[in-house]
Amino acid sequence: MQLKDYYTILELTPSCSIEEIKQAYRRLAKKYHPDVNKSPNAHQKFIEISEAYEVLLHETTANVHQEQQEQYDYEAFIREVIPPWIRYLL
């Protein structure tokens, strides 16, 4: 499955936040949980929702961590390259 399919399963857009992913998962998990929903395809739908949640949450948190790491690397670079007296003037 592609990531776009996971967004469709959770009824989300690709620009959604981590909190929106969690909210969509909770809402759909309550709706399709096999103990609550007695339809024949509820179990399969619940599995798809759980898989989509795990993949999207992992992908989104990995992107956030990568952005934080890039920001940290830039700040470390500035500290190493620019002398302290010039940083004071900035």
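Me: What kind of model is it, and how are residues numbered?
Reply: This is a predicted model: local features need pLDDT of at least 70, side-chain atom pairs count only at pLDDT 80 or more, and totals for chains, interfaces and linings use all residues. Residues are numbered from 1 along each chain as its sequence is written, and side-chain values use heavy atoms, with hydrogens and water left out.

Me: Which residues does Asn-37 contact, beyond four places in sequence?
Reply: Lys-31, Tyr-32 and Ala-42. Contact means heavy atoms within 4.5 Å.

Me: Which backbone oxygen does the Asn-37 side chain reach?
Reply: That of Lys-31, at 3.3 Å.

Me: Switching topic. How many helices and strands in the chain?
Reply: 4 helices and 0 strands. The pattern along the sequence is α-α-α-α.

Me: How much of the chain is buried?
Reply: 27% of the 90 residues. Buried means under 20% relative accessible area (1.4 Å probe, protein chains only).

Me: What about the largest nonpolar core?
Reply: It has 18 residues. Such a core is a set of buried Ala, Val, Leu, Ile, Met, Phe, Trp, Tyr and Cys residues joined through side-chain atoms within 4.5 Å.

Me: Which helices each supply at least two residues of this core?
Reply: H1 (3-9), H2 (18-32) and H3 (42-81).

Me: What does Leu-10 touch, leaving out residues up to four places away?
Reply: Its partners include Ile-21, Tyr-25, Ile-49, Tyr-53 and Leu-56.

Methods:
Buried means under 20% relative accessible area, exposed over 50%, partly exposed in between (1.4 Å probe, protein chains only). A polar contact is a pair of N or O atoms within 3.5 Å; within protein, one must be able to donate a hydrogen and the other to accept it, and residues adjacent in sequence count only if both atoms are side-chain atoms.
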